[in-house]
Amino acid sequence: MKKGLFITFEGIDGCGKTTQIELLKESLEEKGYTVLLTREPGAKGLGEKLREILLNYDGEVSSNCESFLFLADRAQHIDTIIKPAIDKGVIVLCDRHTDSTVAYQGYGRQLDLEQIYQLNKIATNGIIPDITFILDIDIDTSLQRIGKGRDRMENSGREFFERVRKGYIEISEKEPQRVKLLQGNSPIKDIQNKISDYVQGLL
Ligand code: TYD
């Protein structure tokens, strides 16, 4: 049976990835592909409960605990949603995945990067996206787009987001084959065309 594709979207908060995922979904469906749009944290079921804790719990959360919760969400997501869909030949579009943990918990919270890579490998059972798009924007644009109603992660401060952004740039340099860094402040149509060209190359 033909296997599907696994495509992930990444970037700091407010980078515009949600818009791009929806545009890609529409264009793939128009061409007749079956597409599943999903997200981390917080796909269906248990993921929704974990998302609630991760984004809204207002007591103390240690950085290690935070990582394990994101990883727990990922393990459940891969096993119960992503892998079954890929096996059925579906194109899976995922809003955030392993690179978020590297960027946010590794670079942002400054946890051991090697450990994060190892833990990601365990959580995903070794499943790696076929391609990953990172939309890069500057911190001022990000903070402006987030606005005032911030969740727990968005309240982590400017320096945190500077480190996360740097993390994403380094990830794209380390894995240029899989990870494509795009300018998130370019016109929506230009970003959409670039993404579409890359994806077309994989179909
Ligand atoms: P969400 O509202 O989905 O943000 P966005 O719309 O920007 O994707 O919230 C997800 C938040 O969780 C976001 O701030 C990034 C963070 N996050 C991590 O810190 N580590 C992770 O592994 C994942 C998946 C997300």
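Contact here means heavy atoms within 4.5 Å. The model is predicted. In this model, Thr98 is in contact with Glu10, Arg74, Asn120 and Thr124, leaving aside its neighbours within four places in sequence. Thr98 belongs to helix H4, which covers residues 98–108. Its relative accessibility is 11%, so Thr98 counts as buried, the cut-off being under 20%.

The chain as a whole contains eight helices and five strands. Along the sequence they follow the pattern β-α-β-α-α-β-α-α-β-α-α-β-α. The C-alpha trace spans about 45 × 35 × 30 Å along its principal axes. The radius of gyration is 16 Å. A compact globule of 203 residues would have a value near 17 Å, so the chain agrees with that expectation. Of the 203 residues, 47% count as buried. Among contacts with a separation of 6 or more, 78% come from residues 24 or more positions apart.

The chain exposes about 10300 Å². Carbon and sulfur atoms supply 49% of this area. There are 28 positive and 32 negative side chains. The centres of the two sets lie 2 Å apart.

Helix H5 spans residues 113–124 and contains Ile116. The relative accessible area of Ile116 is 3%, and this residue is therefore buried. Ile116 and Val90 are 26 residues apart along the chain, and their C-alpha atoms are separated by 28 Å.

Gln110 lies in the loop between H4 and H5. Its phi is about 65 degrees, although Gln110 is not a glycine. Gln110 has 57% relative accessibility and so counts as exposed. Asn125 is placed in the loop between H5 and strand S4, residues 131–136. Asn125 is not a glycine either, and its phi is positive at about 60 degrees. With a relative accessible area of 60%, Asn125 is exposed. Most residues other than glycine have a negative phi, and most peptide bonds are trans.

A cis peptide bond occurs between Glu40 and Pro41, with omega about -10 degrees. Pro41 sits in the loop that runs between strand S2 (35–39) and helix H2 (46–56).

Helix H6 covers residues 139–146. Its buried residues are Ile139, Thr141, Ser142, Leu143 and Ile146. Helix H7 (158–174) is included in what covers them. At the start of H6, a side-chain oxygen of Asp138 comes to within 3.2 Å of the backbone nitrogen of Asp140. After H6 comes Gly147, with a positive phi near 75 degrees.

Helix H8, residues 188–202, contains Asp190. Asp190 has a relative accessible area of 41% and is therefore partly exposed. Asp190 and Asn56 are 134 residues apart in sequence. In space, their C-alpha atoms are 35 Å apart.

Key. Residues are numbered from 1 along each chain as its sequence is written. This is a predicted model: local features need pLDDT of at least 70, side-chain atom pairs count only at pLDDT 80 or more; totals for chains, interfaces and linings use all residues. Side-chain values use heavy atoms; hydrogens and water are left out. Helices (H or I, at least four residues) and strands (E, at least two) are DSSP runs, numbered from the N terminus. Buried means under 20% relative accessible area, exposed over 50%, partly exposed in between (1.4 Å probe, protein chains only). The radius of gyration is taken over C-alpha atoms; the globule rule is 2.2 Å times the number of residues to the power 0.38. Accessible areas come from the Shrake-Rupley method with a 1.4 Å probe; for residues, only the protein chains shown count as cover. Lys and Arg count as positive and Asp and Glu as negative; His and the chain ends are not counted. The place of a charge is taken as NZ of Lys, CZ of Arg, CG of Asp or CD of Glu. A polar contact is a pair of N or O atoms within 3.5 Å; within protein, one must be able to donate a hydrogen and the other to accept it, and residues adjacent in sequence count only if both atoms are side-chain atoms.
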